[in-house]
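Here is a short walk through one protein model. Keep the sequence and the 3D view side by side as you read.

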Amino acid sequence: MADTTYFPRRLILAGAMISGVLLALAVHMLGARYGLDLGGLWRSDTREFMPAGAAIAWWLIASVGFYGGYFTANLMHSAVSGQIPQRMRQFLIAVGVLILAGAGQAASAPSPIPTISGVLSGLAALCLGAVMAFCGAHFALRKA
């Protein structure tokens with residue numbers, strides 16, 4: 001019987017972080033298309049303390065980054081030992097490609113968000129997604 005091989009933990013962490021960040025940015029771009037933008041945090045024309053769309057976008061980006069990193073780390077950890085069926089791998093790859101293609105399509109259209117606000121919200125989504133993807137991948141690797 002062959003010995004079980006594993007990826008190095010740092011390689012799994014890096015791959016899971018990249019996947020989590022890409023998913024968080026994809027959700028940010030898709031959410032901005034539907035009015036859920038972090039740019040509402042920096043607008044001064046609203047009388048509300050914080051628009052609900054900005055709060056929903058914040059939590060959505062954070063949760064997708066965390067769970068994207070967590071599930072990717074778990075999948076990478078178990079994929080090397082052959083515990084994931086081939087059909088499941090193909091399905092996950094197809095879902096990831098469709099999400100990123102949808103985000104690319106949403107990003108290619110003109111943005112409804114003002115420029116400075118859009119840049120700040122994009123950077124905030126990138127940083128938030130990176131931190132949460134790291135946390136998710138770290139927790140998954142501690143469990144494994």
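Axes are lines fitted to C-alpha atoms, for helices over the stretch in contact, and angles run from 0 to 180 degrees between N-to-C directions. Helices (H or I, at least four residues) and strands (E, at least two) are DSSP runs, numbered from the N terminus. This is a predicted model: local features need pLDDT of at least 70, side-chain atom pairs count only at pLDDT 80 or more, and totals for chains, interfaces and linings use all residues. Residues are numbered from 1 along each chain as its sequence is written, and side-chain values use heavy atoms, with hydrogens and water left out.

Start with the overall plan. The protein chain has four helices and zero strands. Along the sequence, the pattern reads α-α-α-α. Of its 144 residues, 31% count as buried (under 20% relative accessible area; exposed is over 50%, partly exposed in between, with a 1.4 Å probe and protein chains only). Now take contacts, meaning heavy atoms within 4.5 Å. Among those between residues at least 6 apart in sequence, 86% join residues at least 24 apart.

How do H2 and H4 pack? Their angle is about 35°, and their axes are 7 Å apart. Residues in the contact include Trp-58, Gly-65 and Gly-69 of H2, and Gly-129, Met-132 and Gly-136 of H4. By type, the contact of H2 with H4 divides into 14 nonpolar, five polar and one charged residue. Here Ala, Val, Leu, Ile, Met, Phe, Trp, Tyr, Cys and Pro count as nonpolar, Asp, Glu, Lys and Arg as charged, and the others, Gly among them, as polar.

Asn-74 lies in helix H2. Leaving aside neighbours within four places in sequence, Asn-74 is in contact with Ala-140 and Lys-143. Asn-74 and Ile-12 are 62 residues apart in sequence, yet 8.8 Å apart in space, C-alpha to C-alpha.

Next come the nonpolar cores. Such a core is a set of buried Ala, Val, Leu, Ile, Met, Phe, Trp, Tyr and Cys residues joined through side-chain atoms within 4.5 Å. The largest has nine residues, among them Ala-24, Val-27, Leu-38, Ile-61 and Leu-128. Helix H1 (9-33), helix H2 (52-79) and helix H4 (115-143) each give two or more residues to this core. Another core lies apart from it, with eight residues, including Ala-73, Met-76, Ala-137 and Ala-140. Beyond its neighbours within four places in sequence, Val-27 is in contact with Leu-60, Ile-61 and Val-64.

Finally, look at the aromatic rings. The whole structure holds five aromatic pairs. Rings of Phe, Tyr and Trp (its six-membered ring) pair if their centres lie within 6.5 Å; planes under 30 degrees apart count as stacked, over 60 as edge-to-face and the rest as tilted. Why is the pair of Tyr-67 and Phe-71 stacked? Their ring centres are 6.1 Å apart and their planes are at 25°, so the pair is stacked. Tyr-67 and Phe-71 are four residues apart in helix H2, so about one helical turn separates them. Tyr-67 is partly exposed, at 45% relative accessible area. Phe-71 is also partly exposed, at 48%. Phe-71 has an edge-to-face pair with Tyr-70 as well: 5.6 Å centre to centre, 75° between the planes. Tyr-70 is buried, at 18%. Ring pairs link Phe-66, Tyr-67, Tyr-70, Phe-71 and Phe-139 into a cluster.
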